[in-house]
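I opened the model to look up a few local features. My notes follow in the order I took them.

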Amino acid sequence: VTDHTIAQAALFRDCFTQLRTEIARVFVGQPSVVEQLLLCFFCQGHGLIEGAPGLGKTLLVRSLSEALTLRFSRVQCTPDLMPADVTGTNIIVDSAENGHRFQFAPGPIFANIVLADEINRATPRTQSAFLEVMQERHVTVFGTTYPIAPPFSVFATQNPIEMEGTYPLPEAQLDRFFFKIAVAVPGIEDLADIMTRTTGDEEPHVTALFGADVAQSLLVVIRQVKIADPVLRYALRILHATHPHVKDAPERIRTYVRYGASPRGAQAMVLAAKAVALLAGRFHVSIEDLRQVVRPALNHRIVRNFQAEIDQVSAEALIGDVLEAVGEG
Amino acid sequence: MPADGSTAFTTVLSRCHRRLRLVAFVRHGSITGAIALAIIDVVLLTVRHEGHVGNVAVAVSVASILLAVAAAYTLAVVSVPSVSATARIVDRECGLHDRATTALQFLTASDLVSRLIVADAVYHVERIPPSRFRFAMPAVGRWLGAVAVVAFILALTPLARSTSRVPPLSNSSPTTSPGRAAEDVNRPTRRGAEPAVAAETGRMAGDPGNRAHPAEVRSDVQGQPVGKVEGRLVDDANKPTRESGDTAGSRATSSRPSGLPAGRSNPSSAETGSSSGSQGSGDTARGSGSALSASGRGANGAVAEDSRHGGVGRSELTSGPSRAAEPPAIATRHTAAYAAAYGRAESATRRETVPANLRSYVRAYFLAIRPGQ
C-alpha cells in the first residue's frame, strides 16, 4: 500500500511535469498560467481564464485536452445561445419499431474538458445552465438527470476589455470557478518565440500523453494529502481578512471591498495547496503552498466596491495587503 | 501509529524543545542578570562610601545573583514554547515547510499517509542541530546589560584603588610572619622613649610644616598610604576615639613647642611630611578632630620623627632614591613590619573578623607599637 501511494504521488509529479512541458510547446511563456490550469484540472475545479483577445486562451485549453486524450468540446457563447444548446435536449426520434419517441441528445457540456469561450457574452440564463452543471456535475432535462462522467472541467474565457453587449458574471457564479487565471501579454522574447513557431512551415502539435483513466487515478491521490490545523487556520485567517467588517482586515480591504471571499475560496486554496505539496514531494500542506495559490483562488471572489473601481485598486493588490496583514504564519 | 515512529519524532523534537528552553533562559537571564548587576553596583557604591565590605553587602550581592538565576529559570520555564509551538518554531526557523507541525498532529494516526508524514518529519528534524537555535539577547537586555557592566566597572575601579592602599601581605618584608612581625614591631616600642601616643600624634599633626604631600610619606614607608589606612581603621573603630583625638589635639597643642624644632629643622622635609597630619591638625586644633585624622597624623608623624631620631632626614624618607639610600636598615625594617601588620589588621577589621567593640583596642595597640615610639 505504501509503495502504491508513493508511486501514485510520483506518477502525479511526472504527469504534471510532462503536461507542463507538452503544453509549453504550443503555449509559449507564462508557465504560471499553465501550472494554474493544470492545478485546476487535477483538483477537478473549473477555471475562468481572463485575458485580451489573441493571447492563446483557447489554445491553452485545447492543448490540455489534446495532451490528455480526453473528450473536449467548445461552446462559443453568444447572446442567442440557449441553455439547451449547452446541456442538450430531447428530440423526437422516428423509428420503425417504436414509432415516434423522445430521445435525449447530449449537448457539448457532456465532455471531459469544456471550453466556454467568451462566457460573458451568453445571457444570464445560459450562464446559469453552465454553472448548474459545473456545480452539480449532472444535467436535468425534462425531469431526467444525466450525470457527467469524470474528469470534468469547464474552462471559461472572458475578455476584460470589451464589455459592450456582455453580461458580466454575477458574484455567485464567479464563486463557482476554482481559479481565475489571468493571461498577461507576453514579453518580447516570448512573442519572438511565438512568431517563430506559428509562422513557419510546421506548426507545433501537442502529443497525447495519457488517457482519462490515468488522469482519474491521479485525482484521488491529491485528496490524500494532509493539512495540519495551524496551516488550515492560516488559510482561514487569509479568507477572513478579505472581509471588510472583520477586525483583522487591512485598511484597504475595509475601504475597497464590498464582500470578501466565500468558504469556497478556502476550499480552493486548500485543495490547490495539496496539489502543490504533492508536486513538491510532500504529503502535507505547508503555509508556503497556501501562499502560492492564494491569488488565483481568491482574486475573483473578492467583490470590490465602486470606490475601488474609481481608484483602480485591483483585487490582486488587495490580496497582497491581506497576505501582508496575515504574515508568514 | 507505530510507537517507534511517534517515539522517534517525540525524541528529536524534544531536543529542540530543550534547546529552546535554554535559549529562553539566556534571553531572560540577560535581563535579570543585568538587574542583578545593577544591584551589585549599588552595593559596591555603598561599600565604597562606607569603606569596607560587610557581610551584608556580600550577602546582598550573592542573593541578587541567585535571584537573577532563579528568575531567569522561572521565566524560561513559564515562557518556553509548548510542544506544538516548538514544532512551529522548528518549521519556521529551519524551513521545514510545516513538517513538524503536521507530524505532531498526525502522530497518533494510523493511516498510511500519516505514517509517511511522521517518517519524513523525523528524517528532517533529526538532521537539525540544536545549535541552529542561537542565543539571542533582547534589545532591552543588551542595553541594560551594557549599562550595568559599565556601572559595575566604574563602581569597581575606585574600590580597587582604595583597596590597593592596604599593604598586601606579600608586600611585607621577610619579617612578616606573624611572630616575627610582632617581635620586630614591639622591639622599638620597648626601646623607644615614653612620650604619649596622642601627644606625639598631636605634635606631629600640629606641626604646620606637615601640611603637604601625605602620599609621599606613606609611600616612603611601604609604598602604601599607611596613614590613610590607619585612619580608616580607626574610623571604623569609631567614636570613643574621638575623645582621645580631642585629647591628642589638646596635648598636641601643648607639646607642640617640643615638637616644632624637629619639625622645622628641615622645612622642606617637613613639607613633604604627612599631609593627613596637616589636615588632622586643623581638626584637632578645633577640638573636633576625629580619631581618624588624629591617628593618621600620629602614624605619619611617628614615622617622620623616627626617621629624624634615627639620624635620617625626613626628606630622605619622603623623597627620591638618592636620599633613601642612607636610612638604617633597622628603621626601614621596623616600619615595613609595622605597615604589614597594620595592613593585616585592617583587612581583618574590614572583613569584620574583629568585633566592633574591640576595634578601638586594635587601634590603640597599633598606635602604641608604631615605629618611633
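**Strand β1 of chain A**

I began at L48(A) and found that its bridge partner in β9(A) is K180(A). The model is a predicted one, and I read each entry with that in mind.

I then looked up the pairing of the two strands: β1(A) and β9(A), the latter covering residues 179-182, run parallel and are joined by four bridges. I checked β8(A), residues 153-158, as well; β1(A) pairs with β8(A) in the parallel sense, again over four bridges. There the bridge partner of L48(A) is A156(A).

Next I noted the side chains of β1(A), residues 47-50. G47(A) and I49(A) point one way, L48(A) and E50(A) the other way, and all are buried.

**Largest pocket**

I looked up the volume of the largest pocket and got about 760 Å³. The lining has 28 residues, and those closest to the centre are E50(A), Q158(A), K180(A), N299(A) and R304(A). I listed the elements of chain A that each supply at least two lining residues: β1, α6 (171-174), β9, β11 (303-304) and α14 (315-326). By class I recorded 14 nonpolar, seven polar and seven charged residues in the lining.

**Helix α3 of chain B**

For burial in α3(B), I wrote down A85(B), T86(B), A87(B), I89(B), V90(B), D91(B) and C94(B) as buried. Just after the helix, G95(B) takes a positive phi of about 60°.

Note on methods:
Residues are numbered from 1 along each chain as its sequence is written. Chains are lettered from A and ligands numbered from 1 in the order in which they are written. This is a predicted model: local features need pLDDT of at least 70, side-chain atom pairs count only at pLDDT 80 or more; totals for chains, interfaces and linings use all residues. Side-chain values use heavy atoms; hydrogens and water are left out. Buried means under 20% relative accessible area, exposed over 50%, partly exposed in between (1.4 Å probe, protein chains only). Two strands pair if DSSP finds at least two bridges between them. On a 1 Å grid over the protein atoms alone, a cavity is a set of points where a 1.4 Å probe fits but cannot get out, and a pocket is an open set with protein on both sides within 12 Å along at least five of seven lines; lining residues have an atom within 4 Å of a point. Grid points are joined across faces, edges and corners, and a volume is the space filled by probe spheres set on the points. Ala, Val, Leu, Ile, Met, Phe, Trp, Tyr, Cys and Pro count as nonpolar, Asp, Glu, Lys and Arg as charged, and the others, Gly among them, as polar.
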